[in-house]
Amino acid sequence: MTTETLAKTPLHALHLELGARMVPFAGFDMPVQYPLGVMKEHLHTRDAAGLFDVSHMGQILLRGEHAARALETLVPVDIIDLPVGMQRYAMFTDAQGGILDDLMVANLGDDTLYVVVNAACKDQDLAHLKKHIGEQCQIECLFEERALLALQGPKAVEVLARLAPEVSKMTFMQVARVRLLGSECIVSRSGYTGEDGFEISVAVDQAEALARSLLAEAEVEAIGLGARDSLRLEAGLCLYGHDMSSATTPIEASLLWAISKVRRADGERAGNFPGAERVFEQQQKGVARKRVGLLPQERVPVREGAEIVDADGTVIGQVCSGGFGPTLGAPVAMGYVNASHVAIDSDVWAVVRGKRVAMKVAKTPFVPQRYYRG
């Protein structure tokens, strides 16, 4: 795919103006880093506030009195009882319990759900919704109408509160309609860095003005995909297509926490989502492999795709995400390993350029999450 055929977000010209290095990502021409560099961008987000353009992601509205009940048939999550003004992490599953995508679902009130899906999956997700629940609710695609910005870091709240003081009262996973620079936005106190922060849905024609206003604040720097990846990896957060896919179930991906209790085998609304039987069987009997955190014991970055072996050199898994963790000051990784090696502090090895690199299975997140829970 050439640069000419790549899609562009509403902030594309601003990225070029800021000196971004652009790369193809999910069909878009996206900034991977700015002149500050990935390491400094990462640390700045942890220390102050970083602004991310995530307009490539897909935004969808589901409307109607049956929208929540309909969506609940596609995800292993409690949507029916999701309070107005709150959002929840969810996954689309297939008939085998494999993960088709992960997404955020917010209840905006007035029988309206706001859904954000991954960029690479958004067209298939939209088709999936239309096919399975299109007759039960109104599905409104916002792909061309709304941009999405993420303001992340410990200073994010004081920066955004200068434009809308009410955001300081929001807590983690709350969602509200907020006017920013005269434009009605959908704002959630959430993000993909492990830090406090906000995600802001704004009309396409208002996005650049809002981004410039935020970047004008002393605490804020523009942050690219490179630091976005290292931040989410330190926070132990999955990236679809790498740490989970249709070949992995929520149990294998260590995402049991994301299956609402009311939807589990012993819950009031057990099952009634694609692949429920397989997911429940795995929950009860266990799985052959599972996603774990990994801490390389040498200063050698262990990348996605590296084989994981045991002390005898037998292949027991594969790295799904890996790199250097600037906050931790050391390499970090996640991978799938055989059930016999999932215990914390288990010794395993990654094969990097033909050499074995010692690793320990570790708890995630690798750095403390600092979401604001009030």
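Begin by selecting strand 15 (residues 307-309) together with strand 18 (residues 347-352), which pair in the antiparallel sense over 2 bridges; strands are DSSP runs of E with at least two residues, helices are DSSP runs of H or I with at least four residues, both numbered from the N terminus, and two strands pair if DSSP finds at least two bridges between them. Before going further, note that this is a predicted model, in which local features need pLDDT of at least 70 and side-chain atom pairs count only at pLDDT 80 or more, while totals for chains, interfaces and linings use all residues. Residues are numbered from 1 along each chain as its sequence is written, and side-chain values use heavy atoms, with hydrogens and water left out.

Within the pair you have selected, pick valine 309, whose bridge partner in strand 18 is tryptophan 349. Now widen the selection to the closed barrel of 6 strands, which runs 14-17-16-15-18-19 with antiparallel pairing. From one strand to the next, the twist averages 45 degrees.

**Strand 3 and its partners**

Next, select strand 3 (49-53), where 5 of the 5 residues are buried, so that this strand is largely enclosed by the rest of the structure; buried means under 20% relative accessible area, exposed over 50%, and partly exposed in between, with a 1.4 Å probe and protein chains only. In a regular strand the side chains alternate between the two faces of the sheet. Both faces of strand 3 are covered, with Ala49, Leu51 and Asp53 buried on one side and Gly50 and Phe52 buried on the other.

Then colour helix 2 (residues 38-47), whose buried residues are Glu41, His42, His44, Thr45 and Arg46. The cover over these buried residues includes strand 2, strand 3, strand 9 (146-152), strand 13 (220-222) and helix 7.

**The cavities**

How many cavities of 30 Å³ or more does a search of the whole structure find? The search finds 2. On a 1 Å grid over the protein atoms alone, a cavity is a set of points where a 1.4 Å probe fits but cannot get out, a pocket is an open set with protein on both sides within 12 Å along at least five of seven lines, and lining residues have an atom within 4 Å of a point. Grid points are joined across faces, edges and corners, and a volume is the space filled by probe spheres set on the points.

The largest cavity has a volume of about 70 Å³. Of its 13 lining residues, select the closest to its centre, which are Leu11, His15, Tyr34, Leu51 and Leu215. Strand 3 gives the largest share of this lining, 3 residues, and the lining divides into 11 nonpolar, 1 polar and 1 charged; Ala, Val, Leu, Ile, Met, Phe, Trp, Tyr, Cys and Pro count as nonpolar, Asp, Glu, Lys and Arg as charged, and the others, Gly among them, as polar.

Stay with histidine 15, which lies in helix 1. Is histidine 15 buried or exposed? Histidine 15 is buried, because its relative accessible area is 3%. Leaving aside neighbours within four places in sequence, histidine 15 is in contact with Thr9, Ala20, Met22, Pro31, Tyr34 and Asp53.

Move on to the second largest cavity, which holds about 40 Å³ of space and has a lining that includes Met30, Phe52, Ile223 and Arg228.

Finally, select glutamate 65, in the loop between strand 4 (58-63) and helix 3 (67-72). Glutamate 65 is exposed, with a relative accessible area of 64%.

Definitions and conventions: Axes are lines fitted to C-alpha atoms, for helices over the stretch in contact, and angles run from 0 to 180 degrees between N-to-C directions. Contact means heavy atoms within 4.5 Å.
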